[in-house]
Amino acid sequence: KAVVLAEQAGDQGWYLRAMRELGDSHCNLGDWDAGQRMVRQCLELARAQGLLFVQAQCLNTQAKIAAQRQDPVGRMHMHEQELALRKQLDDRRPEAVVLANLGGGWLHLGELFLARRYSEEALRLLRAMGYRQAECGVLCNLSTLERWLGDSAQALTLARAAVEAAVDAGSLSWEAYALSGVGDCQLALGQHAAATQ
C-alpha cells in the first residue's frame, strides 16, 4: 500500500523507502531472491537520486541477505558501505549498531584488529546513548576477543559487565548469553566450580 500511495503522490523518496521495506518483508517471509531483486533495484535508484538514508537501509538489508547466504565477507562489505552513509547522515543509533555488527562479524572471521577497532567505537557510542541491550552484545564480543588473546581475567571483567548491561536492559536472552560467556572465562581461568555454577 505504501508503494502504491507514494507512487500516486509522485514522491520518489517515499516510494523508494516503501520499496526497500517491501524487499525487506520478502526476506522476512523467506523469499530471499525476490527480496534481493527488489532491494538491488531500490539501491540503484537511490544512488542515482542521492538518497543516502534509503541507500543505507538497502545496504542493511543486503547485509542480512549475505548473512543468510553464508557470505560473511560480503556481509562485512555491505555493512562497511552502510557505515559510511550512517556517518554522513549523523544517524548515531544505527551507526552504533552497524559498528557492533562489524565488530562481531570481523571477530568471527578472525580479524581481531578490526574486531577490536569497530567494537570499541560501537561501545563508546552505545554508552553515550545509554543503549544497554546493544552494549551487552559488544561487551560479549570484546570478552571473547580478550579470551582468544589469552587475557582471561580481562575477558571475565568484560563478560560480567555484559551481564550487568543485560540485567539493566531487562533482557533475559542476553543475560543468559552473557552468563555463558562468564562461564567460559572462568573455565579458562581454571575456576571450574564457578564456571559450572
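1. Which residues in α3 are buried? In this predicted model, the buried positions of α3 are W32, A34, G35, Q36, V39, C42, L43 and A46, and these buried residues pack against two other helices, α2 (12–28) and α4 (52–68).

2. Helix α3 itself covers residues 32–49, and its 18 residues reach 25 Å from the first C-alpha to the last, which is close to the 26 Å expected at 1.5 Å a residue. After α3 comes G50, a residue whose phi is positive, near 70 degrees.

3. When the whole structure is searched for aromatic pairs, one is found: W174 and Y177, arranged edge-to-face, with 5.6 Å from centre to centre and 80 degrees between the planes. The angle is classed as edge-to-face because it is over 60 degrees.

4. An α-helix has 3.6 residues a turn, so residues three or four places apart point the same way. Both members of the pair are partly exposed, W174 with a relative accessible area of 28% and Y177 at 44% relative accessibility.

5. Two arginines also deserve a look beside tyrosine rings. The charged end of R93 sits over the ring of Y131, at 3.7 Å from the ring centre, while the charged end of R117 sits over the ring of Y118, at 4.7 Å from its centre.

Note on methods. Residues numbered from 1 in each chain as written. Predicted model: local features only at pLDDT ≥ 70, side-chain atom pairs only at ≥ 80, totals over all residues. Heavy atoms only, no water. Phe/Tyr/Trp six-rings, centres within 6.5 Å; stacked < 30°, edge-to-face > 60°. Buried < 20%, exposed > 50% of the residue type's maximum accessible area, 1.4 Å probe, protein only. Lys NZ or Arg CZ within 6 Å of the ring centre and 35° of its normal. Helix = DSSP H or I, 4+ residues; strand = E, 2+ residues; numbered from the N terminus. Expected span 1.5 Å × (residues − 1). Contact = heavy atoms within 4.5 Å.
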